[in-house]
Each structure stands twice: as structure tokens, then as C-alpha cells.
Amino acid sequence: MAAKICPRCGFYNSPLRKDCSLCSTPLDGEAGSGVPFKMSFYDVRSSNNRSSVILVFFLLIVLGVLGYFAGEYFGVGYFGVGLALLFAVISSLGAYYGGKQIVLSISGARRVTAENEPQLVNIVEEMCIASGNPVPEIYVIETDALNAFATGRDPKHAAVAVTRGLMTNLNREELTGVVAHEMSHVSHLDIKFAMLVGVLVGTIVMISDIVTRWMFFSRRRDKQKGGGGIIILALVLILAIIAPILAKLIQMAVSRKRELMADARAAEYTRNPEALASALEKIGASSVKLQTATRATQHMYINNPFKDFSKKSSSLFSTHPPIEARIKILRSM
Amino acid sequence: MVAIIIIVALIFFIALWLISTYNSLVKHRNYVRNAWSQIDVQLKRRYDLIPNLVETVKDYMSYEKDTLEAVIKARNFAMNAQGVKQQAEAENALSGTLKSLFAVMENYPQLKANENVMKLQEELTSTENRISYSRQFYNDSVMQYNTMIETFPTNIIAGMFNFRIMDFFAIPEAERQNVKVDLR
């Protein structure tokens, strides 16, 4: 059986599906009818809150298990679990309250005010009026790449960052569309979950890295220790299993549907889907790479900063829907 | 005995429903009022900006006295408007005169070279957008509130406590498009 191509967004679907996995348009029968996005504003928010809690619990479990094995190995028993859980709580709190600053400094964003960037500040303030949100902190990343992201733990503690390339290459309406998309992530609370994922997953990966290296060297030093071999093996196995799960988690963090929902909400705020569509066109056409994007922060951007990666790998594992599909959906509004 | 318990429970739940509905009506009415005050803030911002702009471009545009006077007149009229309907009409008229002023300004290249004018124009463009976004937000809030008042069974409570339908900030179809200034 051939794959079903969505009549609305052009996405290739499994032949077994009745509606498009990207935009929920029915695949059989007449095109373009039906509600494209089933989740309401409040559903999105509570789903994000739920996911954030699950994520923190996941971190507690992973670090607890790691701590248990480390404790067994070093012969300190449950002290390892206690230490790991303490660390998990501290890093969760750190990610929740300090995640914004971490993400912003990783991406090399600089805060701007109405004095030095009047137009950008005006546009953000306009979108705050349209979305009914308080004005977030506004940042600029000095690069020619075209991208933008929002972060923070709630609308009152949010930050929006855009690249210099975006400001010079887009006109006022297009820039408004992009900012509207980011403000939708703020109102949907996508920012909270995305930030927790980025910081916590980064932390876990870092710890497993340190632990595996430490084990590797310490095993060399005291080979005479008996019984440790099986535990080391188990630990290495666990880490090997966890790593891809974490990678997948990042990718699912801001699912492709959430990007589409933010696009739809942006169109609702600006009443101008065409501006965002043409902005996405320009962003997709740009070949400049955003140097400061990392695997841990890639899912926060309006467009995947690792373009080569998403083109080669199947769209199933991409953090973002194909930009052509997003443009098509926006133009069909 | 059972009957009494059922009646008491029924009264309790009705009272609970009454209180929560009343409170949510009040909440939504406050949303609408807040949205209206937001429009007011933006309108005031525009009143303050217009004299500045007119003052700055006056010397360059001595041949366009009529356009400038129309803007000033529309501004003064809008400042004294009363009530949602009259205010909406006056503001729409003012937006129209500003639009024609911006259009005329396109014919004066030396204006684009003036940094002060550019700054004022960005501020005014932004203010125009803010006004339309804030009235969009106001209209959305009014729609939610009016729907609550008109639907059953909330309409019973709304009638009892005198919650009234609010006016939309109406925009004629032709005016729906924002003033677009693109000086790139």
C-alpha cells in the first residue's frame, strides 16, 4: 500500500491512518474540512504541567537507580541513593528557577531594551497585548542565522530571544509573526517543559558521562576488587539504555504538534497567517548555521537549527515538522 | 429523613452552582473592563504621539496642510468622544486620516532620511497595531462574556443580578486592515 499524502499539509502518512498524523486533517473523503487542532488552550497548558511533573519524577528515578549502583560499587550502600536524590532535587529546583538564565547564556543571547532596539521591543509588546501576557525579557543573539526561541518557567518569568539575522532579513509583519509564535509557546506553557527537558536532560547526560569515565579509570586502578565486574556491567548497560531514551525525550519534548499549535495560535493573535508563512519561508531558505544551538536546546527554536540532520533522518525523529508543511497549513487558514 | 437529606443536598448544590456562576460572571465582566482600559491606554499613547509627529513633519510638508489639519481635528474629536460606539467611530476616523498622512509621507524622500521622523513613525505604527490588538482582545473578551450571559442556564443568574450585554468595539470591514508602513 502506498503512503497517504495529507491533502492539507502534504505530509506522508502511514496507509493505516484515518487522519493526518501532523495536522489531524481527515485523509479520506473531502479535504480541508474538520478541526485541525483538537486541543484547547487549557488542555495544552495542563498537558504541559503534567509532562513537567512526570519529567521530574523520571529524573528522580533515573538518578536514584544510578545512585544505588554507584553506592553498591563504592561500598557505601544507601548513602549513594540519598546523595543522588538530593542532587536530583537540587538540580530540579535549579532547572526550574535558573533554567532561563542557563539556556540564555548557552545560546549567547544579550538583553535589549526599548532604547537600543525600539522596533523589536514594540513588536513584542504588541504581541503581549494580543495574547494577554505580561511583557517578557527580550534578548538578541548576534548571528546571521535566522532563528528564535522563548524560555522561562511561566508567562511572568519568560524570555524571548531572536537572532540579529532574523531582524535584518524579515520585514515588520514577518517579525511580528515569529514573535507571535514565540508568545504562543509562552501562553501554552511549552516554554516550561522545554526548559526543564533541556536543562535536566543535559544534567543527566553530563553525570552519566562523568560516572562512566570515573568507573573506567578506577577499574584500571584497582583490578583486585572482586564482584564489582557485574555491577559495572549493569551500570554501563543502564547508561547505554538511558542515553537513547533521553535523546528521544528531547525530541518529543516540544512535539511537532506543539509547533503547529503555536503556528495556529500565532495566526489567531496576528490575524495574519501569511506573514508567518513568508517568515518561515525565509527561515527555511537561509543556510547560515546557528553556532550556539546545542542538542539540548535545539527543540526550543522556531526552526530546527540542525537542518542537515533533520533532512537526512526520517521526519519521525525530528523535533520540528517539515517547514514546507507548516507553510502549507498556514496558507490554508 | 431521607427526603430531608435529599432536599438539603439539593439546596446546597444549587447554592454552590449559584455562587460559582455569579463569581465567574463577575470575573468575566472584569476581564472586559480591563480589556477596555487597555484600549484606553493605547489611545492615550496615540493622542500624545500625534502632535509630535505633526510638529516634526510640518516643515517638510507645507503643501499638505489639509492632511495635517484633518489628523489634528480627528485627534481632538476622538479625545472628546463618549461611550463605546462613538469612541469606536472617532478612532476609526482618526486611523483613516493617519493612514492618508502616512501615504502622503511616502512622497517626501527627505522625511525618510530624518531619524526623528523615522522613530516617530515606528512608534505610531506600533501604536496603531497596539490599538487593533487591544480591541481584538477586548472583542474576544466581550464575546466570551456575552455568550455566558445569553446561554442557558447562566442567563437566569445574569438576569437576576443585572449583568448586561456589552458592546463590541466595531470596526468597519474597510478599516480592518492595519495601517501598514514599510519604509525598507
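**A sheet, a helix pair and a chain contact**

Chain A holds an open sheet of four strands in the order E3-E4-E6-E5, with mixed pairing; strands pair if DSSP finds at least two bridges between them, and strands (E, at least two residues) and helices (H or I, at least four) are DSSP runs numbered from the N terminus. Strands E3 (109-111) and E5 (148-152) of chain A stand at the edges with a single partner strand each, so one side of each has no neighbour in the sheet. On average, neighbouring strands of this sheet are turned by 30 degrees against each other, direction ignored.

This is a predicted model, in which local features need pLDDT of at least 70 and side-chain atom pairs count only at pLDDT 80 or more, while totals for chains, interfaces and linings use all residues. Residues are numbered from 1 along each chain as its sequence is written, and chains are lettered from A and ligands numbered from 1 in the order in which they are written.

Gly152(A) has Ala158(A) in E6(A) as its bridge partner. Helix H2 (residues 79-106) of chain A packs on the sheet, touching E3, E4 (137-141), E5 and E6 of chain A, and its direction makes about 155 degrees with that of E5(A). Contact requires C-beta atoms, placed from the backbone, to lie within 7 Å; axes are lines fitted to C-alpha atoms, for helices over the stretch in contact, with angles from 0 to 180 degrees between N-to-C directions.

H2(A) also packs with helix H1 (residues 41-74) of chain A, at an angle of about 150 degrees and with the axes 7 Å apart. H1(A) is therefore roughly antiparallel to H2(A), a term for angles over 145 degrees. Among the residues that meet are Leu63(A) and Phe74(A) of H1(A), and Phe79(A) and Phe87(A) of H2(A). By class, this contact has 15 nonpolar, five polar and no charged residues; Ala, Val, Leu, Ile, Met, Phe, Trp, Tyr, Cys and Pro count as nonpolar, Asp, Glu, Lys and Arg as charged, and the others, Gly among them, as polar.

Between the chains, twelve residues of chain B are in contact with nine residues of chain A. Helix H5 (residues 115-150) of chain B gives the most to the chain B side, with nine residues. That side divides into two nonpolar, five polar and five charged residues.

Chain B averages a pLDDT of 83, on the predictor's confidence scale from 0 to 100 for each residue. Over residues 173-184 of chain B, pLDDT stays under 50. Where pLDDT is low, the predicted coordinates should not be read in detail.

Terms used: Two residues are in contact if their C-beta atoms, placed from the backbone, lie within 7 Å. Angles under 35 degrees count as roughly parallel, over 145 as roughly antiparallel, 65 to 115 as roughly perpendicular and the rest as oblique.
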